[in-house]
Amino acid sequence: MDVYIKYPNDIVIENKKIGGIICNSFSGADMTKTKVVIGFGINIDAAKPWASLADWIDPSKIDAELLLAKILVELEEHIQLLEAEGWGLNISDRYNKLFLH
């Protein structure tokens with residue numbers, strides 16, 4: 001199942017929004033360290049007319065805790081890459097591959 005980001009903050013599968021992402025960044029007074037707060041939501045089993053993962057996967061087989069754990073592991077890997085390399089080609093390329101144009 002291919003999952004993409006659609007501008008400005010939608011999480012989509014087959015052009016159907018199943019969730020969203022919001023980020024808020026801020027810096028300290030000396031502007032040396034930027035912090036980002038990331039929030040996201042994913043419809044696991046929503047009533048129609050909204051799309052949810054249940055449109056593609058049997059809801060009884062969706063383990064929300066395991067899904068969250070996998071998302072957080074991926075997020076941590078990307079954060080580590082961002083901290084190590086900055087917003088360079090690796091992060092930009094990964095983002096552009098996931099962005100629905």
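Me: Starting with Lys48: buried or exposed?
Reply: Lys48 counts as exposed, at 57% relative accessibility. Here buried means under 20% relative accessible area, exposed means over 50%, and partly exposed is in between (1.4 Å probe, protein chains only).

Me: What sort of model is this?
Reply: It is a predicted model, where local features need pLDDT of at least 70 and side-chain atom pairs count only at pLDDT 80 or more, while totals for chains, interfaces and linings use all residues. Residues are numbered from 1 along each chain as its sequence is written, and side-chain values use heavy atoms, with hydrogens and water left out.

Me: Back to Lys48. Which residue does its side chain meet in a salt bridge?
Reply: Asp55, at 2.6 Å from N to O. A salt bridge here is a side-chain nitrogen of Lys or Arg within 4 Å of a carboxyl oxygen of Asp or Glu. Asp55 is partly exposed, with a relative accessible area of 32%.

Me: How many salt bridges does the structure hold?
Reply: Two. Asp10 and Lys17 also meet in one through their side chains, at 3.3 Å from N to O.

Me: And Asp10, buried or exposed?
Reply: Asp10 is buried, with a relative accessible area of 15%.

Me: What about the bond from Tyr7 to Pro8?
Reply: That peptide bond is cis too, with omega near 5°. Pro8 is found in the loop between β1 and β2.

Me: You keep naming helices and strands. How many are there?
Reply: The protein chain has two helices and five strands. Helices (H or I, at least four residues) and strands (E, at least two) are DSSP runs, numbered from the N terminus. Along the sequence, the pattern reads β-β-β-β-α-α-β.

Me: Where is Glu14?
Reply: In the loop between β2 and β3. Glu14 counts as exposed, at 59% relative accessibility.

Me: And Asn15? What is its phi?
Reply: Near 65°, again a positive value in a residue other than glycine. Asn15 is found in the loop between β2 and β3. Asn15 is exposed, with a relative accessible area of 58%.

Me: New topic. Which residues form the largest nonpolar core?
Reply: Six of them: Ile11, Ile13, Ile18, Ala51, Leu53 and Ile62. A nonpolar core is a set of buried Ala, Val, Leu, Ile, Met, Phe, Trp, Tyr and Cys residues joined through side-chain atoms within 4.5 Å. In soluble globular proteins, nonpolar side chains tend to be buried together.

Me: What is Ile62 in contact with, leaving aside its neighbours within four places in sequence?
Reply: Ile62 is in contact with Ile44, Leu53, Ala54 and Ile57. Contact means heavy atoms within 4.5 Å.

Me: What share of the chain is buried?
Reply: Buried residues make up 15% of the 101 residues in the protein chain.

Me: Now pockets. How much space lies in the largest pocket?
Reply: About 1,900 Å³. The search runs on a 1 Å grid over the protein atoms alone, and a pocket is an open set of points where a 1.4 Å probe fits, with protein on both sides within 12 Å along at least five of seven lines. Grid points are joined across faces, edges and corners, and the volume is the space filled by probe spheres set on the points.

Me: How many residues line the largest pocket?
Reply: 40, and Ile5, Ile21, Leu75, His78 and Leu98 lie nearest its centre. Lining residues have an atom within 4 Å of a point.

Me: Which element gives the most to that lining?
Reply: α1, with ten residues. The elements that give two or more include β3 (16-27) and α2 (89-98).

Me: How does the lining divide by residue type?
Reply: Into 28 nonpolar, four polar and eight charged residues. Ala, Val, Leu, Ile, Met, Phe, Trp, Tyr, Cys and Pro count as nonpolar, Asp, Glu, Lys and Arg as charged, and the others, Gly among them, as polar.

Me: Last one. How far apart in space are Leu72 and Leu82?
Reply: 15 Å, C-alpha to C-alpha, and ten residues apart in sequence. Leu72 is in helix α1. Leu72 counts as partly exposed, at 41% relative accessibility.
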